[in-house]
Amino acid sequence: MQIFTKTDNLIKYLDDFSNKTKGFVPTMGALHGGHLSLIQKCVKENDISIVSIFVNPTQFLEGEDFDKYPKKIDADKKICSLAGVDILFLPSADEIYFEDEISILAPKIKGYILEGHKRPGHFNGVLQVVLKLLNITRADNAYFGKKDAQQLYLVKKMAKELFLRINIIECNIIREDSGLALSSRNSYLGQKEKKDALLISEALKKATQMVAKGEKDVSNIKREISKILNTLKVEYIEITDRDFNKIDTIEQGNTRILIAAYVGLTRLIDNVEV
Ligand code: AMP
């Protein structure tokens, strides 16, 4: 596995592989089984696989956990190397960002609902860095998790609307046996908090069961989820169609149920497609 910290060096190195298919997995590190599933798919489906680890400052808001975001670089290198990754890119912020630079803006509606409502400007930073990383790697295929469903939707939208030559590959959410969606931020959780965090996936499971039994009324499902989450500080419980439009009635096969909630000081998100 080749490790690069300098953008120019990586770009030069990749010039030699222009006839190979390249797959790319952007991450913020502290890799877990969710990341690994994207990486394994990437390694399998491409001649050359590239993983980046970059805790992107521009997607964190003032007061969020940028400074204490978990870092496990030695373990991450091992995971990537064992998974058969060819190139690991570990840039510093000054390898990615310039002074007074051109920026890209998230869409005014879909970039400012749900996560974008609670974290205004977050998706500007996400799209800015993803576009840069896609251009640096010139990947054919880039892998994103459904765990961050709105991010995935917006990256796909950007790829389409900016006519990027990239396939955005959607990857399923990986969960612990308990149901808890894997997340780097789970490492913030104490034992009791981890138990509390299970309520989120339990609520999504219950909602899925209600839909399977024929419940179509969004407000009934939201009410049930609220009841299950009543001990947490809920940021949102939302039910939308697959394009993130608000709905009142469930259309099976075209619906998302999304939750963001604090467990103690840790903000967790999860969602299901029904
Ligand atoms: P992050 O390091 O949190 O920025 O995540 C990097 C990528 O891994 C994103 O595309 C995430 O959606 C994806 N990811 C994170 N957690 C999971 C999970 N539990 N299952 C599947 N994909 C995930």
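Reply: Two strands count as paired if DSSP finds at least two bridges between them. The model discussed here is predicted.

Me: Which residue in S9 does alanine 260 stand opposite?
Reply: S8 and S9 pair in the antiparallel sense, over eight bridges. In that pairing, the residue of S9 opposite alanine 260 is isoleucine 269.

Me: In what order do the strands of the antiparallel sheet run?
Reply: Three strands form this open sheet, and their pairing is antiparallel. S7 and S9 are the edge strands, each pairing on one side only. From one strand to the next the twist averages 10 degrees. The order is therefore S7-S8-S9.

Me: What angle does the direction of H7 make with that of S8?
Reply: The buried residues of H7 pack against helix H8 (218-228), strand S8 (255-263) and strand S9 (266-273). Among those buried residues are Leu198, Ala203 and Val211. H7 packs on the sheet by touching S8 and S9, and its direction makes with that of S8 an angle of about 165 degrees.

Me: How far apart are the end C-alpha atoms of helix H7?
Reply: Helix H7 covers residues 191-212, which is 22 residues. At 1.5 Å a residue it should span 32 Å, and the model agrees, because its end C-alpha atoms are separated by 32 Å.

Me: Which residue just after H7 takes a positive phi?
Reply: The phi in question is about 110 degrees. The residue that takes this value just after H7 is glycine 214.

Me: Is threonine 240 buried or exposed?
Reply: Threonine 240 is found in strand S7 (residues 233-241). Leaving aside neighbours within four places in sequence, its contacts are Asn245, Ile247, Asn254, Thr255, Arg256 and Leu258. The cut-off for the buried class is under 20% relative accessible area. Because its relative accessibility is 1%, threonine 240 counts as buried.

Me: In what order do the six strands of the parallel sheet run?
Reply: These six strands form an open sheet with parallel pairing, in the order S1-S4-S3-S2-S5-S6. The edge strands, each pairing on one side only, are strand S1 (2-4) and strand S6 (167-171). The twist from one strand to the next averages 25 degrees. Restated, the order is S1-S4-S3-S2-S5-S6.

Me: Which residue of S4 is the bridge partner of glutamine 2?
Reply: S1 pairs with strand S4 (residues 87-89) in the parallel sense, over three bridges. Helix H1 (residues 7-15) lies across S1, S2, S3 and S4, running at about 155 degrees to S4. The bridge partner of glutamine 2 in S4 is isoleucine 87.

Me: With which side chain does the side chain of asparagine 141 make a polar contact?
Reply: Asparagine 141 lies in strand S5 and, at 12% relative accessibility, counts as buried. Asparagine 141 is also the bridge partner of glycine 23, and S2 and S5 run parallel, joined by two bridges. Residues that asparagine 141 touches include Lys22, Phe24, Glu45 and Ile169. The polar contact of its side chain, at 2.7 Å, is with the side chain of asparagine 46.

Me: How many residues of H5 are buried?
Reply: Helix H5 (residues 122-137) has 16 residues and reaches 23 Å from its first C-alpha to its last, close to the 22 Å expected. H5 is followed by arginine 138, whose phi is positive, near 45 degrees. H5 is mostly covered, and the number of its 16 residues that are buried is 15.

Note on methods: Residues numbered from 1 in each chain as written. Predicted model: local features only at pLDDT ≥ 70, side-chain atom pairs only at ≥ 80, totals over all residues. Heavy atoms only, no water. Helix = DSSP H or I, 4+ residues; strand = E, 2+ residues; numbered from the N terminus. Expected span 1.5 Å × (residues − 1). Buried < 20%, exposed > 50% of the residue type's maximum accessible area, 1.4 Å probe, protein only. Axes fitted to C-alpha atoms, helices over the stretch in contact; angles between N-to-C directions. Contact = heavy atoms within 4.5 Å. Polar contact = N/O pair within 3.5 Å; in protein donor to acceptor, adjacent residues only side chain to side chain.
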